[in-house]
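Please keep the structure open as you read.

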Amino acid sequence: MRERNLQESMLVMMVAPGEGAVKAKAKGKRQKAKGERRKAEGTLPNGFFLHPSSLGELQITGSYNLPVKLTPYSGLTPDRALDALASVGLQPDGRLLALGSYENRVYQAWMDEGPPLVAKFYRPARWSDAQILEEHAFTRELADREIPVVAPLAFNGGTLHAFEGFRFTVFPRRGGRAPELEDPKTLEWIGRFVGRIHAVGAMQNFRVRPALDVESHGVEPREWLLASGLVPADLLEAWTSATAFALAGVRRCFERAGDVKQIRLHGDCHGGNVLWTDAGPHFVDFDDSRSGPAVQDLWMLLSGDREFMARQLADVLAGYEDFSQFDPRELLLIEALRTLRLIHYSAWIARRWDDPAFPAAFPWFGTQRYWQDRILELREQIAAMEEGPLRVS
């Protein structure tokens, strides 16, 4: 059974302009005026900080107001989201549309003037400020080279902001539809842009964002799940054995591939993060951006049996290799990376079960059937890793 791409649900929340929106706009104007006066005076208000980052122009602005623990998402009310946008000088008209996102909270917000914008409120404690800013620097680097990515907007000299316990970033709104991943021309077009992303990604390394490796995406999540007690007792031995054999297979794949190059990646380049318009594709959501082998940004575009995946990959590489050289040794890693994703995915859901969005979106998680299916998937992956790499003509 091949892993299915996540189908993001669309959660709609329309908030009519009201007292909260009016207060948000008025508050934003007052804060902006005060900020301009204090900037001219060389001072900053209590609780605010404005410091240069190690990433050039990028910096974080705003007020945490919670020195020990960040506010949970339950505190992210519509009014607070509007106030956060107003705090960087924007003027939302009070309407919000909650977009499909599990890891973070993402809203489309309409403005008094100009087009709607997208505000992303980061999950507390997942990334450090420096790691988020490094992602921003990478996407800005790509956008500066006219690669179609959605990069964050800067307000008050920064792209990462804080408001009452929440860190957030504002993006331009870019629409689009799902790409037709069975169309060779579409795959080749996407491949050209992934090749351009990787050509830039290979120019330097991430300094603070982590790498995709066996330890972080396989060993650690497996150990966490074993310690959690979530695997049913009557399936524990089978799941423990399947994950152990699967990770042994992953290691063999990496050993056979040898010392492949690690570059800066999108990290989660599946069809849901590639939006298509008449002008071609653009890439969104670099939240999982990290270092890893180039094939990590290619294999999630593939589906079907081995023969069909080989044809799809040939189409992708036809465009990719116009801009980046692909190391064929990385073909040995496709099923290994898929296996790591399966193990990591189970731990990802389990770790966020206290977030109400997760039980609502994944009601089948943790059931007897769920763990039985995961065991079967891993056994299939063990066999797939022994089949050898795809043959791309």
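We start at Asn-156, which counts as partly exposed because its relative accessibility is 48%; buried means under 20% relative accessible area, exposed means over 50%, and partly exposed lies in between, with a 1.4 Å probe and protein chains only. Asn-156 sits in the loop between α3 (129–144) and β6 (160–163). Although Asn-156 is not a glycine, it has a positive phi of about 55 degrees.

A word on what you are looking at: this is a predicted model, in which local features need pLDDT of at least 70 and side-chain atom pairs count only at pLDDT 80 or more, while totals for chains, interfaces and linings use all residues. Residues are numbered from 1 along each chain as its sequence is written, and side-chain values use heavy atoms, leaving out hydrogens and water.

You will find Asp-285 in the loop between β10 (280–283) and β11 (291–292). Its relative accessibility is 32%, so Asp-285 counts as partly exposed.

Now let us step back to the whole chain. The protein has eleven helices and eleven strands; these are DSSP runs numbered from the N terminus, with helices being H or I of at least four residues and strands being E of at least two. Of its 393 residues, 52% count as buried. The accessible surface comes to about 18,400 Å², and 53% of it belongs to carbon and sulfur atoms; such areas come from the Shrake-Rupley method with a 1.4 Å probe, and for residues only the protein chains shown count as cover. Among contacts with a separation of 6 or more, 75% are between residues 24 or more positions apart, where contact means heavy atoms within 4.5 Å.

Leu-117 gives a local view of such contacts. This residue lies in strand β5 (residues 117–121) and counts as buried, because its relative accessibility is 13%. Not counting residues up to four places away in sequence, Leu-117 touches several residues, including Leu-90, Tyr-107, Met-111, Leu-153 and Phe-171.

How do the helices pack? Helix α6 (residues 233–257) and helix α11 (residues 368–386) meet at an angle of about 30 degrees, with their axes 9 Å apart. Axes here are lines fitted to C-alpha atoms, for helices over the stretch in contact, and angles run from 0 to 180 degrees between N-to-C directions. The two helices are therefore roughly parallel to each other, a label for angles under 35 degrees, whereas over 145 is roughly antiparallel, 65 to 115 roughly perpendicular and the rest oblique. The residues of this contact of α6 with α11 divide into 13 nonpolar, four polar and five charged; Ala, Val, Leu, Ile, Met, Phe, Trp, Tyr, Cys and Pro count as nonpolar, Asp, Glu, Lys and Arg as charged, and the others, Gly among them, as polar.

Helix α5 (residues 214–228) also packs with α6: their axes come within 11 Å and cross at roughly 170 degrees, and α5 and α6 are therefore roughly antiparallel. Residues meeting there include Val-219 and Leu-226 in α5, and Trp-239 and Phe-254 in α6.
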